[in-house]
Amino acid sequence: MRSITRLPSPPRPGRAVAVAVLAGAALAVAGGTTASAVTSSPVTTRAATVTHHPATPHSTTQPLNSEQITGLRAPAPRHTAAKHTAAARRAAEARKAAEARRAAAHRHAAAAKSARHKAPTTWRAIAHAVAGQASGQLPASDRLLPAAVSGAQSNMQLTPTQYANATTIVRQALHMHMGLRSAVIAVATAMQESQLVNINYGTYDSLGLFQQQPDMGWGTAAQVTDPAYASDAFLGALRQYQGNNPGWATQPLWQAAQGVQKSGFPTAYAKWEVQAAQIVASVVRNMY
């Protein structure tokens with residue numbers, strides 16, 4: 001009878017793998033140097049790789065905390081605050097400068113208003129006030145008598161009506177910014193033509209303070225007998241004469257008057273120059 005010898009059964013693969021895994025884990029825990037022998041097996045290598053794969057610190061499965069988020073934010077530029085501060089300082093300086101200008105303008109206007117209401121005490125002050133100058137030498141056009149008087153002088157007593165007509169002439173001259181010398185020429189002319197009386201008669205059809213003729217283009221009869229209109233008409237013609245004669249202010253008074261009136265007695269206006277200057281000075285003193 002044939003004996004049958006039992007061969008040892010081969011180890012099962014599953015059991016070998018389990019043994020190897022347990023051995024590798026034991027060696028890894030113990031920190032022994034024989035771990036390389038265990039991991040030399042392909043099966044063991046795969047198991048060790050899977051078992052010991054480290055977790056990625058920045059895996060998306062791990063949310064960032066508030067401190068990490070704050071650290072990732074871009075820092076604000078350091079010069080931004082400085083820029084805002086400089087801009088605010090410039091704006092404040094601009095506001096202060098504007099306020100200072102307004103205050104200076106207010107003070108200047110108040111001083112000018114006070115000066116206008118303060119009556120000048122001397123003719124020099126009056127003349128400069130009319131000329132719009134604070135001081136200095138007045139130009140010839142703003143002086144009553146800028147040149148020597150020509151010929152003998154006459155004088156007449158003025159009634160309130162005559163003085164009122166003279167006042168109208170002076171006011172219109174200053175309103176037209178023609179200066180004191182123009183006012184003296186106009187008053188002297190009216191003194192010669194009508195004795196400062198607004199008459200409704202004259203040579204041919206001459207009328208009013210300046211004996212202006214409607215048929216010569218001076219205006220209607222009603223207009224030339226209106227003292228204000230008649231004064232403006234004379235002064236407008238005088239301004240044209242002055243434009244053609246730059247030295248008019250230092251000419252003899254009668255020459256400028258004759259340049260407007262075309263009288264048959266041209267030098268007759270000269271004798272009223274001094275009194276006309278006195279009348280203009282008196283009127284202006286009462287205006288300021």
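I started at Lys262, which is found in the loop between H11 and H12. For the labels: helices (H or I, at least four residues) and strands (E, at least two) are DSSP runs, numbered from the N terminus. Residues are numbered from 1 along each chain as its sequence is written. This is a predicted model, where local features need pLDDT of at least 70, side-chain atom pairs count only at pLDDT 80 or more, and totals for chains, interfaces and linings use all residues, while side-chain values use heavy atoms, with hydrogens and water left out.

**Entry 1: two positive phi angles**

Lys262 has a positive phi of about 55°, although it is not a glycine. Lys262 comes after H11. Buried or exposed? I checked Lys262: at 59% relative accessibility, it counts as exposed. The cut-offs are under 20% relative accessible area for buried, over 50% for exposed, and partly exposed in between (1.4 Å probe, protein chains only).

I noted His177 too, a non-glycine with a positive phi of about 55°. His177 sits in the loop between helix H7 (160-175) and H8. With 71% relative accessibility, His177 counts as exposed.

**Entry 2: H11 and its cover**

Which residues of H11 are buried? I found Leu253, Ala256, Ala257, Gln258, Val260 and Gln261. The cover over these buried residues includes H8, H10 and H12. Contact here means heavy atoms within 4.5 Å.

**Entry 3: H10 against H11**

Next I looked at how helix H10 (residues 227-244) packs on helix H11 (residues 253-261): the angle is about 110° and the axes are 9 Å apart. Axes are lines fitted to C-alpha atoms, for helices over the stretch in contact, and angles run from 0 to 180 degrees between N-to-C directions. H10 and H11 are therefore roughly perpendicular to each other. The classes go like this: under 35 degrees is roughly parallel, over 145 roughly antiparallel, 65 to 115 roughly perpendicular, and the rest oblique.

On the H10 side I listed Phe234, Ala237, Leu238 and Tyr241, which meet Gln255, Ala256, Gly259, Val260 and Gln261 in H11. By class, this contact of H10 with H11 has six nonpolar, three polar and no charged residues. Nonpolar covers Ala, Val, Leu, Ile, Met, Phe, Trp, Tyr, Cys and Pro; charged covers Asp, Glu, Lys and Arg; the others, Gly among them, are polar.

**Entry 4: the aromatic pair**

How many aromatic pairs are there in the whole structure? My search of the whole structure gave one. Phe210 and Phe234 form this stacked pair, 4.7 Å centre to centre with 10° between the planes. Rings of Phe, Tyr and Trp (its six-membered ring) pair if their centres lie within 6.5 Å; planes under 30 degrees apart are stacked, over 60 edge-to-face, and the rest tilted. The pair links distant parts of the chain, 24 residues apart: Phe210 is in the loop between H8 and helix H9 (221-224), and Phe234 is in helix H10. Phe210 counts as buried at 0% relative accessibility, and Phe234 counts as buried at 0% as well.

**Entry 5: H8, H12 and Glu273**

Last, I checked helix H8 (residues 179-194) and helix H12 (residues 273-287), whose axes come within 8 Å and cross at roughly 120°. That makes H8 oblique to H12. The contact residues include Arg181 and Val184 of H8 and Glu273 of H12. They divide into 11 nonpolar, one polar and two charged.

I followed up Glu273, found in helix H12. Glu273 counts as buried, at 1% relative accessibility. Leaving aside neighbours within four places in sequence, Glu273 is in contact with Leu145, Val149, Ser150, Gln153, Arg181, Val184 and Leu253.
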